[in-house]
Amino acid sequence: MILYASWILIILMIILAVLSVQFKDLIAAVVAMGAVSLIISLLFLFLQAPDVAMAEASIGAALTMAIYIIVVRKTERREK
Amino acid sequence: MIRKITYAIFLGIIITALVLFFAAFPFGKNKMAVGNYYLKNDIKQTGAANVVTAVTLDYRGFDTLGEVSVLFAAAAGVAILFYVLGEDKKKREKQVYPNFIVRVGSRIIFPFILLFGSYIFIHGHLTPGGGFQGGAIIASGFLLLYLAYPGESVNRKRLSVVEGLAGLTFVGLGLWGLFTQGNSFLFNFLPKGQLNMIFSAGILPIIYIAIGFKVASEFAGIVDDMMCEAVCRGGEK
């Protein structure tokens, strides 16, 4: 069960990672990147590494995303 | 077109290589000798129920000091990058605050985030988690307040004092163990206590609490720097 779920999550993660490069709207790209971090933290949880999962969820999905969003707000929202 | 085909071919080669490489590992069994040693001797030698904490703070405590120093260097680097002359004259502009629900909701949720982060780093030697994770969670609570009140700011002097005291606690405990009790840096000189109790594992909980405060204040400082770069006006650029 968890094996199939992790396959689906991995495929979703690859799609989101490609999308975060392809998006022209930078806020959408940042959100896709945060979703990648969140899925990675779920996979860490499946691999029974809750310590790493917590660090990834709080730093990768919350703080890094916020810093990127502040940067996008300070510069330009759309990629030329 | 040729470029895209080249990309696809190289991507295919890399993915095939990775899959073949990781398929060769028997996953979940056949642990290394070091891992077996830690699992067997952790409770007897350190008294910590969480083996990860025992490894990061006791067996590899000096590496964790290096990790904390790297984080400190990163926070100091951000602060230096964003420092401008006439820092005192920099004023936070009167911002358009978000709506009522965000403002009041963040004030209600913030103490619970603080409590959760503190729980994670105080129980670092018993349950998953620890100083880094708890500190990052507390810093994300500060981030929530910054998003709800863009015009306000934390007191940087107090953050620096907390950060310095926490770092001093870590290094001081290590040096105390080195000079008075044992003959190694970060020697675990306090009694091990009973397994699974909050007062167990000697100095490990104290160190994790110090790391929690340090990481939280560093990340809050980074968030404050970035936020000020977005909303502050004034100062010589």
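Author: Along its sequence, chain B follows the pattern α-α-α-α-β-α-α-α-α-β. This is a predicted model, in which local features need pLDDT of at least 70, side-chain atom pairs count only at pLDDT 80 or more, and totals for chains, interfaces and linings use all residues. Residues are numbered from 1 along each chain as its sequence is written, while chains are lettered from A and ligands numbered from 1 in the order in which they are written.

Reader: What makes a stretch a helix or a strand, and how many of them are there in chain B?

Author: Helices are DSSP runs of H or I with at least four residues, strands are runs of E with at least two, and both are numbered from the N terminus. Chain B has 8 helices and 2 strands by that rule. Chain A has 3 helices and 0 strands, in the order α-α-α.

Reader: Why are α5(B) and α6(B) called roughly antiparallel?

Author: Two packed helices are described by the angle between their axes and the distance between the axes. The axes are lines fitted to C-alpha atoms, for helices over the stretch in contact, and the angles run from 0 to 180 degrees between N-to-C directions. Angles under 35 degrees count as roughly parallel, over 145 as roughly antiparallel, 65 to 115 as roughly perpendicular and the rest as oblique. Helix α5 (residues 100-122) and helix α6 (residues 131-148) of chain B have axes that come within 8 Å and cross at roughly 170°. The pair is therefore roughly antiparallel. Among the residues that make the contact are B:I109 and B:I113 of α5(B) and B:I137 and B:G141 of α6(B); two residues are in contact if their C-beta atoms, placed from the backbone, lie within 7 Å.

Reader: What classes of residue does the contact of α5(B) with α6(B) have?

Author: There are 13 nonpolar, 9 polar and 1 charged residues. Ala, Val, Leu, Ile, Met, Phe, Trp, Tyr, Cys and Pro count as nonpolar, Asp, Glu, Lys and Arg as charged, and the others, Gly among them, as polar.

Reader: What makes α2(B) roughly perpendicular to α3(B)?

Author: The axes of helix α2 (residues 33-45) and helix α3 (residues 51-59) of chain B come within 10 Å and cross at roughly 85°. That angle makes α2(B) roughly perpendicular to α3(B). B:Y38, B:L39 and B:D42 of α2(B) meet B:V51, B:A54, B:V55 and B:Y59 of α3(B). This contact has 6 nonpolar residues, no polar ones and 1 charged.

Reader: Why does A:S58 count as buried?

Author: A residue is buried if 20 or more other C-beta atoms, placed from the backbone, lie within 10 Å of its own, exposed if 12 or fewer, and partly exposed in between. A:S58 has 26 C-beta neighbours inside 10 Å, so A:S58 is buried. A:S58 is in helix α3 (residues 50-74) of chain A. Leaving out residues up to four places away in sequence, A:S58 touches A:L63, B:Q133, B:A136, B:I137 and B:S140.

Reader: Why is B:R107 called partly exposed?

Author: B:R107 has 13 other C-beta atoms within 10 Å, so B:R107 is partly exposed. B:R107 lies in helix α5 of chain B. B:R107 and B:G141 are 34 residues apart in sequence and 9.9 Å apart in space, C-alpha to C-alpha.

Reader: Which helix of chain B gives the most to the side that touches chain A?

Author: The contact between the chains takes 16 residues from chain B and 13 residues from chain A. On the side of chain B, α6(B) gives the most, with 7 residues. The residues of that side divide into 11 nonpolar, 4 polar and 1 charged.

Reader: How do you know how confident the predictor is in chain B?

Author: From pLDDT, the predictor's confidence in each residue, from 0 to 100. Chain B averages 84, and 91% of its residues score at least 70. Where pLDDT is low, the predicted coordinates should not be read in detail. Chain A has a mean pLDDT of 88, with 100% of its residues at 70 or more.
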